Amino acid sequence: MSEKQASFYASVERNFEKAASHTGLPKGLLEQIKVCNSIYQMNFPVKIGNSYQVIEAYRVQHSHHRLPTKGGIRFSHLVNQDEVMALASLMTYKCALVDVPFGGAKGGVKVSPRAYNEEQLEKITRRYTVELVRKNFIGPGVDVPAPDYGTGSREMAWILDTYQQLNNGELDSAACVTGKPVNQNGIRGRTEATGRGVFYGLKEMLSNEKDCKEMGLKPGIGGKTMVIQGLGNVGSYTGSISIEEGGAKVIAVSEIEGTIVDENGIDINKLIKYRKSKGTIIGFPGTKKTAKREDWVGLKCDILVPAALESQITKANAKKVKAKIIAEAANGPVTADAEEILLKKGVIIVPDMYLNAGGVTVSYFEWLKNLSHVRYGRIEKRFDERAYSNLVNLVEKMTGKKVGQKERDYLTRGADEVDLVRSGLEETMITAYQQIRDIYKRKKKVNDLRTAAFVNAINKVASDYTTLGIFP
Ligand code: NAD
């Protein structure tokens with residue numbers, strides 16, 4: 001385990017301790033909330049070509065105060081126990097913050113997806129699922145995985161199929177994993193959910209005029225310049241939705257192959273297509289490459305968006321940050337050491353456990369959909385449309401004026417699944433931000449949003465433990 005990764009869990013623990021001192025809760029209860037409840041490390045063989053490879057993998061359930069536990073599965077050659085423990089812990093606090101009734105968990109498989117073809121990745125994913133079933137580490141009421149770095153809906157479909165083969169006839173089996181393809185018991189709006197949640201979170205934060213004045217910023221996300229690290233699921237949707245729905249300007253993007261800049265703004269959708277066809281972001285029309293990949297950290301912008309991996313802004317490069325806001329779209333991108341430097345510089349850090357909670361929020365909606373066995377909107381859509389239509393007809397009759405067809409269509413539309421999912425996500429991100437902001441503004445000694453978020457999450461988990469009668 002490298003020193004860099006070992007510090008991720010230590011970083012989470014350090015942030016927890018900082019917040020714990022503001023809660024006034026008993027030491028034993030805080031210790032129970034902090035520790036990882038179950039850690040399962042496995043090694044299993046998979047036949048790759050003509051030989052067998054032993055794959056190292058993990059599933060950590062951080063907290064059983066609510067069941068099922070929930071958290072993504074990461075495929076990366078950097079996976080190790082410390083990292084999975086840190087990510088599982090963050091999941092507990094994240095779920096508590098956005099009132100999603102799950103304990104936190106995380107999975108990790110130590111493989112680089114780029115090193116395997118699709119068939120080999122399927123074998124690895126299915127074998128990993130068998131291990132989880134064997135040890136009762138997966139199930140609709142036990143532990144429900146989802147996508148994370150290096151995995152997506154394809155892997156979730158393999159997990160579901162494997163689980164169903166081993167649990168034939170289980171009525172709610174579709175709820176054993178979320179982030180599935182829509183045609184395989186998934187939900188519309190899940191793929192974009194984390195990036196969309198980042199957008200809603202930033203929009204809410206920047207909607208308060210007084211707070212913006214304190215930050216030296218004009219209110220609103222419109223016109224704000226953004227620099228994004230990582231053009232994967234989270235980074236690409238954060239960028240494209242912030243541009244299309246918020247009017248923000250993405251002036252730089254960093255990927256494995258390097259960093260590109262265009263002060264006039266980069267079209268994220270075109271950049272994704274370009275990368276797919278060329279295999280790189282370098283050379284995208286209108287952009288210039290920076291000298292080093294790491295240069296994205298020091299670029300002048302309003303919002304810096306690390307959306308790749310943990311420990312990207314560290315003690316070594318924190319001083320270079322020129323942004324007013326760091327939006328933690330990734331998990332743990334700012335180390336605890338870096339945070340101290342940044343807070344002294346007056347940089348506002350919007351913490352991961354809040355800002356990237358959109359994924360788990362919509363996963364919760366997917367889980368509910370699977371348990372109810374009915375698509376959102378199916379029951380009420382036509383009824384609503386008829387009711388709105390009757391209202392428009394009445395207004396027309398009373399005023400003697402006709403509403404245009406375009407306006408009529410807009411006014412009488414019933415909500416589809418994706419409309420309801422987006423609405424639920426926006427409501428969740430707004431409510432959670434206001435709770436954190438309230439603690440940040442009200443508690444004199446809480447000087448940053450991360451500590452405020454931790455205080456809120458710890459209090460919520462503590463209240464569950466006391467309700468369960470485990471602690472007085
Ligand atoms: P992803 O695999 O879809 O994308 C990550 C991208 O980062 C890839 O394109 C990769 O090439 C790039 N990258 C890796 N190292 C880099 C580096 N050093 N410099 C620049 N780019 C680099 O993963 P994702 O699902 O978008 O997850 C990204 C982060 O967001 C992770 O920290 C993950 O835990 C977190 N997250 C994801 C979700 C989700 O729903 N997918 C939810 C919450 C949090």
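These entries record what I looked up in the structure, from its domains to the ligand.

**Basis.** I worked with a predicted model, in which local features need pLDDT of at least 70 and side-chain atom pairs count only at pLDDT 80 or more, while totals for chains, interfaces and linings use all residues. Residues are numbered from 1 along each chain as its sequence is written, and side-chain values use heavy atoms, with hydrogens and water left out.

**Domains.** I noted a division into domain 1 (1-35 + 188-380 + 415-472) and domain 2 (36-184); such bounds come from an automatic or database domain assignment. Taken over C-alpha atoms, the centres of domain 1 and domain 2 are 22 Å apart. I found 48 residues of domain 1 in contact with 47 residues of domain 2, where contact means heavy atoms within 4.5 Å.

**Ligand.** I then turned to the ligand and its shell. Of the 24 residues around the ligand, I recorded R74, D148, T194, E255 and N331 as coming nearest (a residue is near if one of its heavy atoms lies within 4 Å). Domain 1 and domain 2 each give at least three residues to this shell. At least two shell residues come from each of α8 (233-244) and β7 (249-255); helices (H or I, at least four residues) and strands (E, at least two) are DSSP runs, numbered from the N terminus. By class, I listed eight nonpolar, ten polar and six charged residues in the shell (Ala, Val, Leu, Ile, Met, Phe, Trp, Tyr, Cys and Pro are nonpolar, Asp, Glu, Lys and Arg charged, and the others, Gly among them, polar).

A polar side-chain atom of E255 is 2.5 Å from a ligand oxygen, and one of R74 is 2.8 Å from a ligand oxygen. For N331, a side-chain N or O atom lies 2.9 Å from an oxygen of the ligand. The ligand taken alone exposes 830 Å², of which the protein buries 89% (Shrake-Rupley method, 1.4 Å probe).

**Helix pair.** I returned to α8, which packs against α9 (residues 268-278) at an angle of about 145°, with the axes 9 Å apart. Axes are lines fitted to C-alpha atoms over the stretch in contact, and angles run from 0 to 180 degrees between N-to-C directions. S236, G239, S240, I243 and E244 of α8 meet I268, N269 and I272 of α9.

**Backbone.** I found a cis peptide bond between L67 and P68, with omega about 5°. P68 sits in the loop between β2 (51-61) and β3 (69-75). N185, not a glycine, has a positive phi of about 70°.

Definitions and conventions. A polar contact is a pair of N or O atoms within 3.5 Å; within protein, one must be able to donate a hydrogen and the other to accept it, and residues adjacent in sequence count only if both atoms are side-chain atoms.
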